[in-house]
Amino acid sequence: MAETLTIEETSTARPLTSAVPLRSIVVLVNPLSGGVGDGALEAVEAILADYDIQATLIALDADNFDARIDEAFDAKADALFVLAGDGTAGTIAARAGPDGPLIAPLPGGTMNMLPKALYGTADWKKALRSALESGTEVPVAGGRVVDRIESRPFYCAAILGAPALWAPAREAVRVGRLRLAWLHGQRALKRAFTGRLRYTLVGEGPGRAEALVLISPTISRAMEAPTGLEAAAMNTRGAVDAFRLAAHALFDDWRRDSSVRTRPTRYVTVSARSRIPAVIDGEPTLLDAEAEVVFDAVAFRALAPAADAEPSGEEGV
């Protein structure tokens, strides 16, 4: 059973941020998440002991996941800190929405794109101290992929189309299941260049692409203001083009590739002859044959340093 710990006030407290009130916080920790590591609960408790704040630690586990999330929100704390995988952080941010408590998604996952954008580090200990000592309310833009079945929020990126089929193969390699990775790779190769998306952006006529990538302004290098999603339509004519695009992604700005076309948008419709493979904030899924993507200017409110704040050089301890 998950254990809940309460940190007592300390007489030698380090200063807390003055930008927002932080009287009480809840820290949700998934000790089994890939980016967290052994001893995370004890490490969080040790860090929080340096601050004059009422803090409750909640350990997440698969058997009581929903109940623990309910417990965190029922606490009515000023902020919820999430040290877990990207999917868990996204679930909690989606539940909070723009009117809920401040959310601090610490880098406890594999890719950590959103935490890196918010805190400038992949070290969760540094990010925790940064949020506590210099955090302010930061509106986080995002999007929603909506089909007949459900609405799926994202805060980093959504990849729609056949290239998303490579995601299960990549994940299988990451966890060492090489045969499964090979099987997923074979499936991806069979479908990689056979299906094309039909899409329509606001203010434009219909277009077709091998894949459509929608990127949140929070992580986009092309968007200077959160006025919409960066839409990137990718058109490859075969394996040679695909490998060239992959090389650009590794060594250059992939937007410079001749097979990529980008523009900002607030609304997109997509369709295909069959169900559309997708990766939404790192999570593979299958959409209906028709879907839409909607921009949310304020998807949730994060507790993070202001965009113009100086990054901290302190070691995570």
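Throughout these legends, buried means under 20% relative accessible area, exposed means over 50%, and partly exposed lies in between (1.4 Å probe, protein chains only). The model is predicted: local features need pLDDT of at least 70, side-chain atom pairs count only at pLDDT 80 or more, and totals for chains, interfaces and linings use all residues. Residues are numbered from 1 along each chain as its sequence is written, and side-chain values use heavy atoms, with hydrogens and water left out.

**View 1. Arginine 196 and glutamate 210 form a salt bridge.** The N to O distance between the two side chains is 3.9 Å; a salt bridge is a side-chain nitrogen of Lys or Arg within 4 Å of a carboxyl oxygen of Asp or Glu. The pair links distant parts of the chain, 14 residues apart: arginine 196 is in the loop between α7 (178–191) and β9 (197–201), and glutamate 210 is in the loop between β10 (207–209) and β11. Helices (H or I, at least four residues) and strands (E, at least two) are DSSP runs, numbered from the N terminus. Arginine 196 counts as partly exposed because its relative accessibility is 35%, whereas glutamate 210, at 3%, counts as buried. A search of the whole structure finds 12 salt bridges.

**View 2. Serine 271 lies in strand β14 (residues 267–271).** With a relative accessibility of 18%, serine 271 counts as buried. Its contacts (heavy atoms within 4.5 Å), leaving aside neighbours within four places in sequence, are Arg196, Leu197, Arg198, Ile276, Ala289 and Glu290.

**View 3. Asp147, Glu150 and Arg152 are linked in a network of salt bridges.** Glutamate 150 is partly exposed at 40% relative accessibility. Arginine 152 has a relative accessible area of 10% and is buried.

**View 4. Strand β8 (residues 157–161) is largely enclosed by the rest of the structure, because four of its five residues are buried.** Strands pair if DSSP finds at least two bridges between them. β8 runs antiparallel to strand β11 (residues 211–215), and five bridges join them; in β11, alanine 211 is the bridge partner of glycine 161. β8 also pairs in the antiparallel sense with strand β15 (residues 276–280), over three bridges. There, leucine 160 has alanine 278 as its bridge partner.

**View 5. Helix α2 has the buried residues Arg68, Ile69, Ala72 and Phe73.** These residues lie on the same side of α2, because they cover an arc of only 135 degrees around the axis; the arc is that of the directions from the helix axis to the C-beta atoms. Among the elements that cover them are β2 (24–29), β3 (54–59), β4 (79–84) and α3 (86–96). Asp66 and Asp74, on the other side of α2, are exposed. Just after the helix, lysine 76 takes a positive phi of about 55 degrees.

View 6. Arginine 68 is buried, with a relative accessible area of 8%, and glutamate 71 is partly exposed at 27% relative accessibility.
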